[in-house]
Amino acid sequence: MRSAYGVETVRAAERALMARLPEGALMQRAAAGLGAACADLLGRVYGSRVVLLVGSGDNGGDALYAGARLARRGAGVTAVPLSPERVHGGGLAALRRAGGVTVAPESAAAVIARADLVVDGIVGIGGKGGLRPDAARLAEAVERSRAAVVAVDLPSGVEADTGQVLGAAVRADLTVTFGTYKPGLLVDPAREYAGVVRLVDIGLELPDGAGLEALQHGDVARLLPRPAAESDKYRRGVVGIAAGSARYPGAAVLAVSGALRGGAGAVRYVGPAADAVIARFPETLVSDRGPAKAGRVQAWVTGPGAGDDAATVAEVLATEVPVLLDADGLRLAERDAVRGRAAPTLMTPHAGEAAALLGVPREEVEGARLAAVRELAAVYRATVLLKGSTTLVADAAGGAVRVNATGTPWLATAGSGDVLSGLGGSLLAAGLSALDAGSVAAYLHGLAGRFAAQGAPAGAHDVADRVPQAWRDVRD
């Protein structure tokens, strides 16, 4: 599992470690890792042209010491100190001893244009509020260049704790981060600026309780429900699907497909799209008696394609089993009905739906995804899966937010969310917590989208059909 910690936690760990090390040793560890990563990216160091963008903080010192290492291997290294009077003295002296030179910011555009590699050491993890004008001009010059770009710890202009990008920012090909991941490296929009992220271990001792977690294959494999020798359809989990309408029968079909592909022992369907569901999936158990009288289930999914059927949504929310609430269900559900549930609730909005629930513009949610998912979870006392380029899952009880990055832009297609709902519902019915069900569903759904697309358009039914392949890929 990848864990990301906030700025204050990282700084406290750094202070504790520096107190035990000789002066400057921690920076040298960081610089060694940074220098090695730069050399790997360059391939051939000797004769390469390297430009260091140097701020006044420790990131600038890391860049200077790493630049000195590259200069000793034959690179031509030029540093651009943004505040010469506050540049790291030891780092600058080391660079000059190795043969590096400096230029003023107003002369930097020309050397950046000729560079093979630019190292961004302008602002550290404490930077907030966007870049100042002189730094923004350098970021724009980097954007225009053909140089490879390496960010030191975090691209300048993005906020470490929130993932927000307020104005101009450096867009890196590689970010070399120290000690631990920072939330902004894993969450969009900042993640888009980070490129590939390389973690350098500098010996930090971090507490339990990260602010953000990203599941990996092994984590998901351990959570996957597996039938035992004595399993039957009820022990594997029966999921109820209350979805679809005369206008949107396909939503019901896709939600059922997600549930069946997700490993449900059985699926009970309630709604007006029974004929369409049975035609595609004859193993589905259908009922016209409403959710309360449909028969035994271990979890419900409601909302996809529901139109204006608020009564069915309310009936599902009144049950005593876990409920996944999606699409129209998010709009139709009474907030107090969600807040008052004793059983777990998993809500799965996209950014537009989340914005409507919070009463804010969509752009505000997209620009501050971590804040939005945490607020929704707190307001509704529910687990919230905020869909998007990086899907976030926040638990009603607080704790670390889960981030999933297996998704692909090809999943931005009609019905894809309905498949995710059915998949999540099957995992709830199998006994996973709302947090785990949402996290695993997002992970498998993302992989299935990648397998279905393979760089070409694919429909939601293709994504559903690839869920078993994603399951096998994780398991094996």
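Strands count as paired if DSSP finds at least two bridges between them, and the elements are DSSP runs numbered from the N terminus, helices being H or I with at least four residues and strands E with at least two.

Quick note on the source: this is a predicted model, where local features need pLDDT of at least 70 and side-chain atom pairs pLDDT 80 or more, while totals for chains, interfaces and linings use all residues. Residues are numbered from 1 along each chain as its sequence is written, and side-chain values use heavy atoms, leaving out hydrogens and water.

Zooming out, β17 and β18 sit in an open sheet of 11 strands with mixed pairing, ordered β1-β9-β18-β17-β16-β15-β14-β13-β10-β11-β12. Its edges are β1 (2–4) and β12 (285–287), each pairing on one side only.

Now, the helices. The axes of α3 (residues 58–72) and α4 (residues 89–97) come within 8 Å and cross at roughly 15 degrees. Axes are lines fitted to C-alpha atoms, for helices over the stretch in contact, with angles from 0 to 180 degrees between N-to-C directions. So α3 is roughly parallel to α4, a term for angles under 35 degrees. Who touches whom? On α3, the contact is made by L64, Y65, G67 and A68, and on α4 by G90, G91, L92, A94 and L95; contact means heavy atoms within 4.5 Å.

Technical notes
Parallel < 35°, antiparallel > 145°, perpendicular 65-115°, else oblique.
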